[in-house]
Amino acid sequence: MTEGAEIHHRHRDVTGGWLRPSVFGTMDGLVSNFALIAGVAGGTADTRVIALSGVAGLAAGALSMAGGEYVSVASQRELAQAEIAVERRELRHHPEDEQAELAQTFIDKGVDPALAAEVARQISRNPERALEVHTVNELGVAPGNLPSPLVAAISSFLSFGVGALLPLLPYVLGAEELVISAVLSCAALFAAGAIVSAVTARSWWYSGLRQLVVGAVAAAVTFGVGNLVGAAGL
């Protein structure tokens, strides 16, 4: 058997440490602020009011996303750490039982019982490696590879801000018609969806169209609501 077998492929990050909050933040910022601006534009033609609503939506949404992601990921991390501590105690106080449990996991995966027992014995000689194998098998996480709340919060804040800025940008630059913001937002929605397809199994056109439809429907509904409210003089 050769030592250090050559690896011919690499896997992308699927743990969600940065990808999920970045993608969700950008999409949410783009869709929510586009819909907010469309709703306000449906009720008033005052571009200052529309721009102000967009700025407020960007600031409030980015802070809310960052705070929510931080608390969510921190709670998830703390739960994982608590369960890892339980596993560490079991390995310290009941090493034989844990070694037998590890061997059984290999047997359940089709390994010969004698070989499974020997592999479990060798792994169990290193307490930290044994802990890692146990937690990956039982919890699906590794002690040294837990998601970072700070990374999730910063990713969410920045990505939401970028997404929310796009529908607002035409008004900041002096535009007076919603159509300019709508065209830019729709193009960005399609592009963002198409970019996401690079890290998923979906085709770029399907992912792009899906995101475009979701954002366009949200904006159309809020525009209609704003128009009704504005017409009613509320």
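**Entry 1. A cut-off before starting**

A residue is called buried when its relative accessible area is under 20%, exposed when over 50%, and partly exposed in between. I applied this to R88, which has a relative accessible area of 32% and is therefore partly exposed. I also noted that the model is predicted.

**Entry 2. The whole chain**

I looked up the secondary structure and found eight helices and zero strands. Read along the sequence, the pattern is α-α-α-α-α-α-α-α. The chain has 234 residues, and 34% of them are buried.

**Entry 3. Transmembrane regions in the record**

Where does UniProt place the feature "transmembrane region"? The unreviewed entry gives residues 150-172, 178-200 and 212-232. I checked two of these stretches in the model.

Residues 150-172 are 100% helix and 0% strand, and the C-alpha atoms at the ends are 30 Å apart. For residues 212-232 I read 100% helix and 0% strand, again with 30 Å between the end C-alpha atoms.

**Entry 4. Helices α7 and α8**

Helix α7 covers residues 178-196, and helix α8 covers residues 204-232. Their axes come within 6 Å and cross at roughly 145 degrees. The crossing of α7 and α8 is right-handed.

Which residues of α7 and α8 meet? On the α7 side I listed L178, C186, L189, F190, G193, A194 and V196. On the α8 side I listed W204, W205, S207, G208, L209, Q211, L212, G215, A216 and F223. By class, this contact has 12 nonpolar, five polar and no charged residues.

**Entry 5. V31**

V31 is in helix α1, residues 19-43. Is V31 buried or exposed? Its relative accessible area is 15%, so I wrote V31 down as buried.

Leaving aside neighbours within four places in sequence, V31 is in contact with L189, Q211, G215 and A218. Of these, L189 is one of the α7 residues that meet α8, while Q211 and G215 are among the α8 residues that meet α7. I also looked up V31 and G163, which are 132 residues apart in sequence but 7.9 Å apart in space, C-alpha to C-alpha.

**Entry 6. S53**

S53 is found in helix α2, residues 47-93. Its relative accessible area is 14%, so S53 is buried. What does S53 touch, not counting residues up to four places away in sequence? I found N33, L36 and V40.

**Entry 7. Salt bridges**

Side chains of opposite charge can pair when their charged atoms come close. How many salt bridges does the structure hold? I found three, and I took them in turn.

D46 forms a salt bridge with R48, with 3.6 Å between the closest N and O atoms. D46 is found in the loop between α1 and α2. At 27% relative accessibility, D46 counts as partly exposed. R48, at 66%, is over 50% and so counts as exposed. I also looked up D46 and E176, which are 130 residues apart along the chain, and their C-alpha atoms are separated by 8.5 Å.

E128 forms a salt bridge with R88, and the closest N and O atoms are 3.0 Å apart. This pair links distant parts of the chain: E128 is in helix α5 (residues 127-139), R88 is in helix α2, and 40 residues separate them. E128, at 48% relative accessibility, counts as partly exposed. R88 was settled in the opening entry as partly exposed.

R121 forms a salt bridge with E118, the closest N and O atoms being 2.7 Å apart. Both R121 and E118 lie in helix α4 (residues 113-124), three residues apart, about one turn of the helix. R121 has a relative accessible area of 36%, which means partly exposed. E118 has 29%, so E118 is partly exposed.

Methods
Residues are numbered from 1 along each chain as its sequence is written. This is a predicted model: local features need pLDDT of at least 70, side-chain atom pairs count only at pLDDT 80 or more; totals for chains, interfaces and linings use all residues. Side-chain values use heavy atoms; hydrogens and water are left out. UniProt positions are given in the numbering used here, feature names are shortened, and annotations may be inferred rather than shown by experiment. Helices (H or I, at least four residues) and strands (E, at least two) are DSSP runs, numbered from the N terminus. Axes are lines fitted to C-alpha atoms, for helices over the stretch in contact, and angles run from 0 to 180 degrees between N-to-C directions. A crossing is left-handed if the near helix is turned anticlockwise from the far one by less than a right angle, and right-handed if clockwise. Contact means heavy atoms within 4.5 Å. Ala, Val, Leu, Ile, Met, Phe, Trp, Tyr, Cys and Pro count as nonpolar, Asp, Glu, Lys and Arg as charged, and the others, Gly among them, as polar. Buried means under 20% relative accessible area, exposed over 50%, partly exposed in between (1.4 Å probe, protein chains only). A salt bridge is a side-chain nitrogen of Lys or Arg within 4 Å of a carboxyl oxygen of Asp or Glu.
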